[in-house]
Amino acid sequence: MVKTVVVAFGGNALINDSGKTAFPHQYDHLTQTVGHIVDLKEAGWNVVVVHGNGPQVGFSLQRSEIAKSEVSPLPLDYAVAESQGSIGFMFQRALNNEIIRRGLNLQVATVVTEALVKEDDVAFSQPSKPVGGFMNKEEAQKVQKELGWSVMEDAGRGWRRCVASPRPIRILEQDIIHQLIDNGAIVIAGGGGGIAVCEDEHGNLQSLEAVIDKDLTAALIAVELRADCLLIPTGVPKVAIHFGQPNQQWLDTLTLEQAQELIDRDELGKGSMQPKVEALMQYVAACPSGCGVITDPPSMLEALAGKNGTRLQGQYYQSQ
């Protein structure tokens, strides 16, 4: 049977220079990455790509705020949907051009993806995720009063709107994603963690102004597909403890217990590596025959072969 890997790229995979954030710049940067995705497909893997959208949604909301005197503001749920389409298009075009260059016969498809959340998720009473442009304190207080926004100061850089980040519980387009990969397509799905939706008492869907962690969505997609691997590319080839210090130590493998110990000791960085490891833990706990991998994009194929990266091992791998 063909194995399946879910690969979760961050939104910054399209941006490596704060001075080059225009769509053509993002596309040019993406072209340096997609070859590694096609490598996985040529090696015999089914591939589902999940991507972040933090910078892109921020730009969309900022453009909306600048133009609000001329056009209606863009709601956050629609901004997430918009980013799924635009980033999906960038991935499709870059992947298709790489496929053509290699003379392959492959299809690429983007699925606009909704992630079901619970309307009573505690995150809705504790908005914590900053989005959109920066404001001074007076502007923030004004929109808080006029629009009912929650606002927060963001790392001393100014005030921003903050929204809830609930946990996804189901991907509504899961069956479609499965059908596409069964037909051999490279699938882009779960962009930005998915558009947050909830069900009312009649089962009708309502969209929500919230953002979802894309690594948690990638883990959920991997679990629901019973994927063989969840792979999270990042800027380093392996996870390290004491990162950047003289006693830095690269980690080849981790068990669930070892990963939890590192988190309990705050060894991984709550805003950097820890969320990635937690997503792998969620996947491996639900799919003990699979493995989670963290590495950099050029090392992805080697990492799947066990020759690079940090592997979070399920029971099957631990017993081998």
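1. **Ground rules.** This is a predicted model, in which local features need pLDDT of at least 70 and side-chain atom pairs count only at pLDDT 80 or more, while totals for chains, interfaces and linings use all residues. Residues are numbered from 1 along each chain as its sequence is written, and side-chain values use heavy atoms, with hydrogens and water left out.

2. How many disulfides does the structure hold? The count is zero, a disulfide being a pair of cysteine sulfur atoms within 2.5 Å. Take Cys-162: the closest cysteine sulfur to its own is in Cys-198, and at 19 Å that is too far for a bond. Likewise, Cys-287 has its closest cysteine sulfur in Cys-229, where 11 Å is too far for a bond.

3. Are Cys-162 and Cys-287 buried or exposed? Cys-162 is buried, with a relative accessible area of 6%, and Cys-287 is buried too, at 3%. Here buried means under 20% relative accessible area, exposed over 50% and partly exposed in between, using a 1.4 Å probe and protein chains only.

4. **His-242.** This residue is not a glycine, yet its phi is positive, near 55°. You will find His-242 in the loop between strand S13 (239-241) and strand S14 (249-251). Strands (E, at least two residues) and helices (H or I, at least four) are DSSP runs, numbered from the N terminus. His-242 is partly exposed, at 25% relative accessible area.

5. **Asp-266.** Phi is positive here as well, at about 55°, although Asp-266 is not a glycine. Asp-266 sits in the loop between helix H8 (256-264) and helix H9 (269-286), and its relative accessibility of 45% makes it partly exposed.

6. **How H3 and H4 cross.** The axes of helix H3 (residues 54-66) and helix H4 (residues 76-102) come within 9 Å and cross at roughly 125°. These axes are lines fitted to C-alpha atoms over the stretch in contact, with angles from 0 to 180 degrees between N-to-C directions. H3 is therefore oblique to H4; angles under 35 degrees count as roughly parallel, over 145 as roughly antiparallel, 65 to 115 as roughly perpendicular and the rest as oblique.

7. **What meets there.** Which residues of H3 meet H4? They are Gln-56, Val-57, Ser-60 and Leu-61, and their partners in H4 include Leu-76, Glu-82 and Ile-87, with contact meaning heavy atoms within 4.5 Å.
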